[in-house]
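Me: I am new to protein structures and would like a close look at one part, the surroundings of the ligand. Please go through it slowly, and then say how the rest of the protein is laid out.

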Amino acid sequence: MTIDLRSDTVTKPSRGMLEAMMSAPVGDDVFNEDPTVLALEEKTARLFDKEAALFGPSGTMTNQIAIKCHTQPGDELICDVNSHIYNYEGGGISFNSGVQAKLVTGDRGRITTRHIEDSINADYDWLTKTTLVSLENTVNRAGGSCYDLATMKNIKQFCKEKQLALHLDGARVFNAIAENSYSAADIGNQFDSVSICLSKGLGAPVGSLLLGTKDLIKKARRLRKVFGGGMRQAGFLAAAGIYALDYNLERLKDDHVKAKVLGNELSKLPYVESVMPVDTNIVIFNLTDKYTAVSFEAALQPYDIKLAAFGKQTIRFVTHLDFTDEMLAKVVEVLRKL
Ligand SMILES: *Cc1c(COP(=O)(O)O)cnc(C)c1O
């Protein structure tokens, strides 16, 4: 039994999901006539109270399209130093949009209006033009931390006053929604654009969406083609996304409970120096000198437990819908005897 805690992207489609995929009506989505893609776009737009949505092959692409939509080459965007758009998208901010990032250090990836205020450039010819702010919720690199609604509302108001566009990298926003008292519509109402992933905790094999106004999505559709993301009978994939939204949202809390159990266990072990607060489905912890990330990975290998080395002495576990109670019990047992 392989236990894969490297990421919530490792899940495989369930039988029900596969059946939904195989029976999906499809058409050519570049001609905008795949009924299942159109249904998924409409479903997510409605869920987040946005006018329109665009299906894409990855969260990286939907983030990068959003950045390109909101900026001109030579502009600057503001984001936290831990952001996925900055760290894990291959330098796409500069490569795809010719934009530079002003990095700020928030509280475990969460920034406030204060950070933005301190980072906006004044309107001089020689200063870089600040045009976009990008938030992430939950924050992957900061252990799945969540924004509260009041902070997002403040940032929205502030960006409106300063005429800055506001984007959300919501690859794991459904985890944040499951853990907080806000809804998808509350999220949609705070941002000019939202990118969501169906291939993380929701268990679809592929798929992300960008949400926004009709005008923004029209522009995004053209950019998706330019970026090589126009797909043909993509309805087979969109069907997996519809299934994921219908069946796999409610259960996200189970992943959070399992992550908390792991965090608790780890905090009691002598070879664990510290565990980041566990807010959703991500557990990040630091090892004492007994292990490096590499030797810890090697120690778990005989038990067929996989993890992500997140730094020299830092490990990340991510819980997901293919990580069962039985697997959790096994991991706890192994961790205790190391
Ligand atoms: C996974 C992830 C993405 C998108 O990743 P893809 O693998 O390109 O779908 C974007 N942002 C965050 C925070 C992520 O964790």
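Reply: The model is predicted. As an example of the naming, Asp49 sits in the loop between α2 (35–47) and β2 (52–56). The phi of Asp49 is near 55 degrees, which is positive although the residue is not glycine.

Now the ligand. Its shell is made up of Ser58, Gly59, Thr60, Asn63, His84, Glu89, Glu136, Asn140, Asp169, Ala171, Arg172 and Lys200. Helix α3, which covers residues 59–70, contributes the most to this shell, with three residues. Sorted by class, the shell holds six polar residues, five charged ones and one nonpolar one.

Some of these residues can be followed down to single atoms. In Gly59 a polar backbone atom is 2.8 Å from an oxygen atom of the ligand. Lys200 uses its side chain instead: a polar atom there is 2.9 Å from a ligand oxygen atom. As for cover, the ligand taken alone exposes 380 Å², and 84% of that is buried by the protein.

The peptide bond from Asn137 to Thr138 is cis, with omega at about 0 degrees.

Finally, the wider layout. The protein is divided into domain 1 (15–247) and domain 2 (251–337). Taken over C-alpha atoms, the centres of domain 1 and domain 2 are 28 Å apart. Where they meet, 20 residues of domain 1 contact 15 residues of domain 2. The size of an interface is often given as the accessible area lost when the parts come together. Between domain 1 and domain 2 the buried area is about 1,400 Å², and carbon and sulfur atoms give 53% of it. On the domain 1 side, Arg108, Asn175 and Glu179 lose the most area to domain 2, together 32% of what that side buries.

Note on methods. Residues are numbered from 1 along each chain as its sequence is written. This is a predicted model: local features need pLDDT of at least 70, side-chain atom pairs count only at pLDDT 80 or more; totals for chains, interfaces and linings use all residues. Side-chain values use heavy atoms; hydrogens and water are left out. A residue is near a molecule or strand if one of its heavy atoms lies within 4 Å of it. A polar contact is a pair of N or O atoms within 3.5 Å; within protein, one must be able to donate a hydrogen and the other to accept it, and residues adjacent in sequence count only if both atoms are side-chain atoms. Accessible areas come from the Shrake-Rupley method with a 1.4 Å probe; for residues, only the protein chains shown count as cover. Helices (H or I, at least four residues) and strands (E, at least two) are DSSP runs, numbered from the N terminus. Ala, Val, Leu, Ile, Met, Phe, Trp, Tyr, Cys and Pro count as nonpolar, Asp, Glu, Lys and Arg as charged, and the others, Gly among them, as polar. Domain bounds come from an automatic or database domain assignment. Contact means heavy atoms within 4.5 Å. Buried area is the accessible area (1.4 Å probe) that two parts lose on being put together, summed over both.
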